[in-house]
Amino acid sequence: MDNFPSHILTIGGINRPATSSSMEINQPKQVLLEDEDEFIKFIDLARSLLSPDDDDGEECVERERDGGPGWSWIASRVLKTCISYSSGVTSAILLSELSKAWAEQSRTSAPRQRPECISQLKKKHRRGKLPYTVTVDLIYEKNFLSLNSVLEAVIVDVFALPGTNIYMLKLGDFWSSNTIDLYLHRRYYDLVSTSNGILKKGREVFMTGCYLRTFSEGFGHPRLLPTEYLVILLDEDQDDDTMLLGAQFCSDTFACISLDAANRGVSYSLYARIDCIGPLETLKEFGGLQRKQITLTDSDGMELKFLLWGEQVLLANLFSVRSTLAIDRPFIVSAKESAVETCEEVCLEYGSATQLYLVPFIQQEEQVCVSLSQGRFQGSKMAASIDPSQGPKFSQVILPCDSQGSVDFSNYPFRSYITDLRGKMTGISLYGVVTDIFREADCLKSIFYMRIEDGTGRIWAKLHFAESWSLGRVGLGHTVYISGLTCCMVAGKRSEAFWSENDVGAYFVNVSCLPAMLNSSCLHKLSCLADLSRQQSGTHICRVWLDQSEQWHVNTRLAHASCGHFVSDLPSGVTKCQFCCCNCGTEVRRVFHLRITIADESAKVSAWCTGQTAVELLQISPDEFYDLPEEEQVMYPSSLENERYMIAILNCSYNDTRLKEDDHSGEITRSLKL
């Protein structure tokens, strides 16, 4: 690949020159064509409506952490809505779905009467939400709470019910205007019964496994029933918490644990980093009991397993990797008796007297400065006011950064372009055209390489699948959206993107094959067939008819069910997929291979299609067509001469013919009879 020209990406106020890369940069001609993409325009419109107003007059605009949704969040949500509404969507449907989803996810508006203790903590709150977190406001709105939901709460008040010794916690959170009362579990009473109890006003706690006590007919208020699964948060910047950690948890290490001593009643207080949260296991040798293993590492580098059994696995929802866990009085068990594969003799368990404290891992952040002189690529409101003659201007965004210096772009407010990709970037989303794709040879794992081009450059993405290809039919020239990419520098100082279908945030949509696109005028601009020669990249939506004066070719072939590509019968009798390069066995289905001529008022185009698209055009299934007598098969196309269609068509004129499945100039990827 050719090296692309020198380009400066300003990150954290430091100008970093671009390095050699596998990315090839094109001239702006292609980008100008992308400016006409109605899908991109709609995402920019939605972002402008959902995001706080930007001050176009400022040379440096800082985007707050609780600003509007990122570009990739909007794109993913729009595509998911299109998949749900396969018959088509309108602007009103999409904007309504986006607004509702964003309101439920963020819920960051400041309440009118937030308790003072929460307001003080909010000023320094930098921790991200846990995956299963729900807010107090949402509990009131839904009048429901699932058992695995997480509450990231702040204690507003601690009190006893009049005439009883039952303790209650009044809880709020950073995102809600309401508070809710919790019946405190008796295992925590010792922490509130003294004047210096740690469960007091202003203390943050995580909890899960809560049942909601609801009231009907307007009587009373919802309350949370007692839960054993509560973790107390500590702040190492607070003197009281530092003294607690130093006095109670710094004398014991994993090396001093003795199973014999534990059996004699010796208790331990341990302090260790969470290095791994294992998957949920179901153990047949324990009668199908569920288990999770948490790998802990102490200050001496020694590892031990912290085991959660049965309903205790809910506690894992409160933990995050790289957070530090303080365990008071864990239950000590033999690793052999617990069926744990470890070189250590003992494991830790959550016993009836165990209490947990957590110092959460605070993800680092980095200011990323995006040059607004490249506003023609971003489509943002801020870029609209830029005068190129005034030199570069910058918009600052704050993005999370891990301990290795990798910046997470999953909430990046702008669209990511290939020309801007560098090493140590995660959570990237790309919208572009597939120009090559193949499976890695001589590899037992299911790994594919896909070359994506977006008008500013092209890059290879290495796709990892758990078992086999699972993205449906993808061909050359198809427009795709892919999120959850990680960009790294590989041998020869080349940039390469990596993607795994099981990673958090991994998402892939073949936009060219979305049925909803044909009937969604807000996401496409109607083209004519003559545009295929003028704009060779991208998918065009056209109204056409079938030209009966030109020769038709209707054939049925076998295709691999998982990827939709044609298969070949080898002399050995094996059926091999031309795309996956694997033995298909019985995973094949009969599909059309249709070559036709389509026409509109501007031009005639020879095109081809397969799969469901051909079924929509011919209005008959491959098996039904295959069963027709030969004479009827020959005459069948003439019955469609008066039909009109809305189609998605793309140009197939690529130099790389290795993956081309037909020599015709256009591929029809979707069809709808009008």
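Trainee: How is the numbering set, and what is the mean pLDDT of the chain?
Mentor: Residues are numbered from 1 along each chain as its sequence is written. This is a predicted model in which local features need pLDDT of at least 70, side-chain atom pairs count only at pLDDT 80 or more, and totals for chains, interfaces and linings use all residues, while side-chain values use heavy atoms, with hydrogens and water left out. pLDDT is the predictor's confidence in each residue, from 0 to 100. In this chain 82% of the residues reach 70 or more, and the mean pLDDT is 81.

Trainee: Over residues 54-65 the pLDDT is below 50; how many contacts beyond near neighbours in sequence does this stretch have in the model?
Mentor: Where pLDDT is low, predicted coordinates should not be read in detail. A contact means heavy atoms within 4.5 Å. Beyond near neighbours in sequence, the number for residues 54-65 is 28.

Trainee: At what angle do helix α2 and helix α3 pack?
Mentor: Helices (H or I, at least four residues) and strands (E, at least two) are DSSP runs, numbered from the N terminus. Axes are lines fitted to C-alpha atoms, for helices over the stretch in contact, and angles run from 0 to 180 degrees between N-to-C directions. For α2 (residues 38-50) and α3 (residues 71-84), the axes are 10 Å apart and the angle is about 120°.

Trainee: Which residues of α3 make the contact with α2?
Mentor: From α2, the contributors include F39, I40 and R47. From α3, they are W71, I74, A75, V78 and L79.

Trainee: Is T613 buried or exposed?
Mentor: T613 lies in helix α11 (residues 611-618), and its side chain reaches the backbone oxygen of T669 at 2.6 Å. Buried means under 20% relative accessible area, exposed over 50%, and partly exposed in between (1.4 Å probe, protein chains only). Because its relative accessibility is 4%, T613 counts as buried.

Trainee: What separates the C-alpha atoms of L259 and V346?
Mentor: L259 belongs to helix α8 (residues 259-263) and, not counting residues up to four places away in sequence, touches I332, V333, S334 and V346. L259 and V346 are 87 residues apart along the chain, yet their C-alpha atoms are separated by 6.9 Å.

Trainee: Where is N143, and what is its phi?
Mentor: N143 is in the loop between α6 (136-142) and β4 (151-160). Its relative accessibility is 38%, so N143 counts as partly exposed. Although N143 is not a glycine, its phi is positive, at about 55°.

Methods:
A polar contact is a pair of N or O atoms within 3.5 Å; within protein, one must be able to donate a hydrogen and the other to accept it, and residues adjacent in sequence count only if both atoms are side-chain atoms.
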